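Here's a quick briefing to read alongside the sequence and the model. Have both open as you go.

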Amino acid sequence: MTVHSLTTRRLVLRLYRDLQRYGSQLQLTDKDYFRHRIRTEFTHNRDFIDPKEIEFAYKRGRTLLDRARVI
């Protein structure tokens, strides 16, 4: 692994934890569904190699947190 990929990995793992934490605080949405959906998305995106795909998926998750609403 390169330094860049380690940094990306840390950012993605932090995003995953932040989304899971956000999901546990939801009041008007089914928490179990939200957390399952996050886990499914991350599992699906796990094999991304193209930096553009990784960046797009990361920004999508970041946007969800920044707007603090379910997309």
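What follows is a short tour, from the whole chain down to single residues.

This is a predicted model, so local features need pLDDT of at least 70 and side-chain atom pairs count only at pLDDT 80 or more, while totals for chains, interfaces and linings use all residues. Residues are numbered from 1 along each chain as its sequence is written, and side-chain values use heavy atoms, with hydrogens and water left out.

**Overall layout**

- The protein chain has three helices and zero strands, where helices (H or I, at least four residues) and strands (E, at least two) are DSSP runs numbered from the N terminus.
- Going along the sequence, the pattern reads α-α-α.
- Along the principal axes, the C-alpha atoms fill a box of roughly 40 × 20 × 15 Å.
- Of the 71 residues, 18% are buried; buried means under 20% relative accessible area, exposed over 50%, and partly exposed in between (1.4 Å probe, protein chains only).
- Among contacts (heavy atoms within 4.5 Å) with a separation of 6 or more, 49% join residues 24 or more positions apart.

**Helix 2**

- Helix 2 covers residues 31-45, and its end C-alpha atoms sit 21 Å apart, in agreement with the 21 Å its 15 residues should span (1.5 Å times one less than the number of residues).
- Its buried residues are F34, I38 and N45.
- Seen down the axis of helix 2, those buried residues fall within an arc of 45°, so they line one face; the arc is that of the directions from the helix axis to the C-beta atoms.
- On the face turned away from the buried side, helix 2 carries the exposed residues D32 and H44.
- At the start of helix 2, a side-chain oxygen of D30 comes to within 3.2 Å of the backbone nitrogen of D32.

**The core and its surroundings**

- The largest nonpolar core has eight residues: L15, L19, Y22, L26, F34, I38, L64 and L65 (buried Ala, Val, Leu, Ile, Met, Phe, Trp, Tyr and Cys joined through side-chain atoms within 4.5 Å).
- Helix 1 (3-24), helix 2 and helix 3 (51-67) each give two or more residues to this core, and helix 1 supplies the largest share, three residues.
- L15 touches F42, Y58, G61, R62 and L65, leaving out residues up to four places away in sequence.
- Q20 lies in helix 1 and is buried, with a relative accessible area of 8%.
- Beyond its neighbours within four places in sequence, Q20 is in contact with R35, I38 and R39.

Terms used
A polar contact is a pair of N or O atoms within 3.5 Å; within protein, one must be able to donate a hydrogen and the other to accept it, and residues adjacent in sequence count only if both atoms are side-chain atoms.
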